[in-house]
Amino acid sequence: MAEVIRMPKMSDTMEEGVIASWLVKEGDKVSSGDILAEVETDKATMELESYEDGTILHIGIEEGDAVPVNGVIAVIGEDGEDYKDLLEEETSNGDNGQDDNESSDDDSNEDASEDIDTSDINASVIKMPKMSDTMEEGTIASWLKKEGDKVSSGDILAEVETDKATMELEAYEDGTLLYIGIKEGDSVPVDGIIAVIGEEGADYKSLVKAEEQKNKGGDKTEKKEEKKEESSSKGSSAPKPASSANKGKSGGTQPTSSSSSNGRIFASPLAKKIAEDKGIDLAEVEGSGNNGRIVKADVENFTPSQKSTKLETASADGSSINIPKVVGEEHTEEVKLSQMRKAIGKTVSRSKFSAPHFYVTMEINMDKAIEARKSLNEVSPVKISFNDMVVKATAAALRQHPEINVSFSDDKVLKHDHINIGVAVAISEGLLIPVVKFADNKSLSHISAEIKDLGARAKDRKLEQEEMEGATFSISNLGMFGVEEFTAIINGPAACILAVGGIKQEPVVKDGEIKIGNTMKVTLSSDHRVVDGAMAAPFLVTLKNLLEDPVRILI
């Protein structure tokens, strides 16, 4: 019997996957455990295995295309088996619309929506409210009621995750929760149907159907209006033959001036818009339309003259300056976001808008750290970097300040006994944060070797999922790019991230004298829900002392 192959959820943050490459084709025999395709997720490129024996009957997703988690990507079954009914059954709920050119069907659907009488249905549709000024859709984080439950006005029905926070959805009516249309974890746009409350036994199905058809009718009206606008613009821009008044003595048709005696330029609205976008002066364009009117084709076929067009302006001393007029064409390329870039956008947005950030900056004298690094590299089996020293010092400081090594979870604070430090690694497609686990128990050379290995595999997209999870603190270093200081967005669920700038020489005061010293600035971003300034400052003082006298981190 034929079975549908769906896109699996390959990471905790994965919402969709891209088929990087198919390793089989339609008609191939496969066995359980065979690799069918390579799938690009938000964090890595992973292999998609077959869990059935059989023949690949159908491949529904082309290489390079994305499909949401649980979306159908292929069908496997017995050779020659009819799988089309299975596909139709899977997609029957996905697309209830029809082509725009089937106008008669559209009209009949609109009429059908008007025929549904909901006046005698004692129930109300609950729609997704707009809970913030920037909210476009909400995700049902959890349902606190189930179908059949009695609810009263003011009861909390569900928790909704918006673009800024997780908020409570209240009931505004008394009755029975007849229908839940959105599962936990699913998203719905603002004003989308999420549930129905009403009298027990009420015909909620007709109510939902009427609401859906009403929404479809609105969409079709918008499409028709767009078509009318397009047709009108096409009509106004169509070139028209020149009138007999435009013919010269030779009998040939000559384009007439598009300007009237008072300087007004006659041009179609579309021609004006195109000319504005391309930076073309309509006064230089000869119109081929009726009475010399400039139309779309005139602007599109216009070639600027070779002579330099100049504008004259007056300088401060009264003399004139000739400024050449530049004619150009604006161009913008639309590039699809990669899965990683989508994931980064969602992760940092969730962190920035849900966790109240505050920042504390500290300047550190790195003179002794520079000397210590030079000595260590004379005996170390791997080359130790300043970033390795920062990771080691941070781990030691966290051991002395366990109140910083925490995470926020709903109404609880999670205090971690282990110290796992995430180290941000820039790659061509975005950013990955592999984790150095139990960093406080590792030597400097161990940390250095591990970071180099994790960084190399991160750039090749070969990290395992568990190597990017479990960070209790994170570090982002832009010092190698010459950045003096910056602020970083917290990498949740950890409560803090350290932004490390570059080392630079500047005058410093030592023993009452001004000398040249090497300084580095670090900025701690903290989640104010669990970490306060009075906790962040002592942590940075400890980190400063460790880096200014690095022998301490070796103890």
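## An open antiparallel sheet

Four strands, in the order E1-E8-E6-E3, form an open sheet with antiparallel pairing, where strands (E, at least two residues) and helices (H or I, at least four) are DSSP runs numbered from the N terminus, and two strands count as paired if DSSP finds at least two bridges between them. Strand E1 (3-6) and strand E3 (29-30) stand at the edges with a single partner strand each, so one side of each is left without a neighbour in the sheet. Strand E6 (residues 54-59) pairs with strand E8 (residues 72-77) in the antiparallel sense over four bridges, and His58 has Val75 in E8 as its bridge partner.

## Basis of the model and overall content

This is a predicted model, in which local features need pLDDT of at least 70 and side-chain atom pairs count only at pLDDT 80 or more, while totals for chains, interfaces and linings use all residues. Residues are numbered from 1 along each chain as its sequence is written, and side-chain values use heavy atoms, with hydrogens and water left out.

The secondary structure of the chain comes to 10 helices and 28 strands. Of the 555 residues in the chain, 38% are buried; buried means under 20% relative accessible area, exposed means over 50%, and partly exposed lies in between, with a 1.4 Å probe and protein chains only. Among contacts (heavy atoms within 4.5 Å) between residues at least 6 apart in sequence, 60% join residues at least 24 apart.

## Strands E19, E27 and E28

Strand E28 (residues 513-527) runs antiparallel to strand E19 (residues 357-365), and nine bridges join the two. Strand E27 (residues 496-510) also pairs with E28 in the antiparallel sense, over 13 bridges. In general, strands of a sheet pair through backbone hydrogen bonds, either parallel or antiparallel.

The hairpin of E27 and E28 has two residues between the strands, and within this hairpin Asp511 takes a positive phi near 55 degrees. Asp511 has this positive phi although it is not a glycine, and with a relative accessible area of 79% the residue is exposed.

The structure holds one cavity of 30 Å³ or more, and the largest cavity has a volume of about 50 Å³. On a 1 Å grid over the protein atoms alone, a cavity is a set of points where a 1.4 Å probe fits but cannot get out, and lining residues have an atom within 4 Å of a point; grid points are joined across faces, edges and corners, and the volume is the space filled by probe spheres set on the points.

The lining of the largest cavity consists of Glu363, Glu484, Gly502, Lys504, Glu506, Thr519, Met520 and Lys521, with E27 and E28 each supplying at least two residues. These residues divide into one nonpolar, two polar and five charged, where Ala, Val, Leu, Ile, Met, Phe, Trp, Tyr, Cys and Pro count as nonpolar, Asp, Glu, Lys and Arg as charged, and the others, Gly among them, as polar.

## His401 and Thr542

His401 lies in the loop between helix H8 (386-400) and strand E20 (406-409), whereas Thr542 is found in helix H10 (residues 533-548). The two residues are 141 residues apart in sequence and 8.7 Å apart in space, C-alpha to C-alpha. Their side chains are joined by a polar contact of 2.6 Å, a polar contact being a pair of N or O atoms within 3.5 Å of which, within protein, one must be able to donate a hydrogen and the other to accept it, with residues adjacent in sequence counted only if both atoms are side-chain atoms.

His401 counts as buried at 11% relative accessibility, and Thr542 is likewise buried, with a relative accessible area of 14%. Leaving aside neighbours within four places in sequence, His401 is in contact with Pro538, Phe539 and Thr542; on the same terms, Thr542 touches Ala397, Gln400 and His401.

## Backbone exceptions

Most residues other than glycine have a negative phi, and most peptide bonds are trans. Arg461, in the loop between helix H9 (444-459) and E26, has a positive phi near 55 degrees, and this residue is buried, with a relative accessible area of 11%. A cis peptide bond with omega of about 5 degrees joins Gly492 and Pro493, and Pro493 lies in the loop between strand E26 (473-477) and E27.

Key: On a 1 Å grid over the protein atoms alone, a cavity is a set of points where a 1.4 Å probe fits but cannot get out, and a pocket is an open set with protein on both sides within 12 Å along at least five of seven lines; lining residues have an atom within 4 Å of a point.
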